[in-house]
Amino acid sequence: MTSILVVDDSRLARNMVSSVIASLRPDWTIVTAASGEEALEIVGEVPPAAAIVDYNMPGMDGLALAERLKERFTGLTIGLLTANVQDALRRKAEALGVRFIAKPITSDKIRDFLAAAGQ
Amino acid sequence: MAEPASGDPLRLDDDEADAIAELFNIGMGEPAAALSTMLGEEVLLSVPSFAVSTRARITREVGGDLEADQPVCAVRGAFTGPFTGEAMLIFPERGTLALVGRLVPVDPAAEAPGEMEQDALTEIGNIILNGCLASLSNLIGGELSGAVPGYGAGAPAAVIGSATDPVLFVRIDMALAAGDARGHALFLLDIASLDAFREAIRRALAGL
């Protein structure tokens, strides 16, 4: 069973990302969380195929979460989903080996991300 | 359009509240990046918060945050379209000098922004506020037009107001990475246009 982790404090954003993934990969299980803390709690020990995490969240931000996820799952492909398209953030994401996905989300952006993740 | 079950026309359900915050979150992304490029420095943004509030309460909250009711500098502009209201960018005087000091030479002895500093803040406000309104317009598929924002300064109550009529209030805190300039982008929406705003959000969600 292939799963993908989707983390965003906005329910609207979680629903949008989930519905795009469901249309592109109907057989995948989509695991959603509303915060970094919740994501780390529910993700368990089985590596997901990929993770898509929002940057701007209350509590742990998306980069901190990406770092924790990378510690747990070496080589996990992570996309940082964010409206914040500043170069400084882009560079931080690149330094962590995290792909940048600019909001608002579209089907094409998720398709490109999954293709880059080799999925 | 049917009102929420509570009968309170000001009450937004959780999905509407979440959608408003997310639309403003997306709306601020591009203009903050534009500002960051202009300043050569990262601009930190908070998660948007929103509430049904009053100008008097917003003055207390935001004024209290901004260095204990010291004078503030603001760039303000009305916007009209599917919904109407007022957008403001507010920084305390010292923060304003630090912010615009990235763009224009500021007299280190200056206590309050002079004409050149006011012009620079107005341009920053123009980029942030009209940029955000432009992104929102695209998201909701309607045109929101902002007046050219104007500069104002004074005590928070003089700038934000002290009226006690309800307004829908979206707040995004902004700070330069160096930490010497912290302010707020505020969007005050007229309650009379709240139904139009709800309708615009529904259209935006349907279009995603």
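Modeller: The model is predicted. The predictor gives the complex an ipTM of 0.76 and a pTM of 0.82. Chain B has a mean pLDDT of 86, with 92% of its residues at 70 or more.

The strand is E4 of chain B, residues 85-92. Eight of its eight residues are buried, so the rest of the structure largely encloses it. Burial here means 20 or more other C-beta atoms within 10 Å of the residue's own. Both faces are covered. One side carries Gly85(B), Ala87(B), Leu89(B) and Phe91(B). The other carries Glu86(B), Met88(B), Ile90(B) and Pro92(B).

Now the pairing. Strand E3(B), residues 72-80, runs antiparallel to E4(B) and is joined to it by eight bridges. Among the bridge partners are Arg76(B) and Met88(B). The hairpin of E3(B) and E4(B) has four residues between the strands. There, Gly81(B) takes a positive phi near 155°. E4(B) also pairs with strand E8(B), residues 182-190. That pairing is antiparallel too, over six bridges. Leu89(B) has Ala185(B) as its bridge partner in E8(B).

One caution concerns another part of the chain. Where pLDDT is low, the predicted coordinates should not be read in detail.

Last, the partner chain. The contact takes 16 residues from chain A and 19 residues from chain B. On the chain A side, helix H1(A), residues 11-24, gives the largest share, four residues.

Note on methods: Residues numbered from 1 in each chain as written. Chains lettered and ligands numbered in written order. Predicted model: local features only at pLDDT ≥ 70, side-chain atom pairs only at ≥ 80, totals over all residues. Contact = placed C-beta atoms within 7 Å. Helix = DSSP H or I, 4+ residues; strand = E, 2+ residues; numbered from the N terminus. pLDDT = per-residue confidence, 0-100. Buried ≥ 20, exposed ≤ 12 C-beta atoms within 10 Å, placed from the backbone. Pairing = 2+ DSSP bridges.
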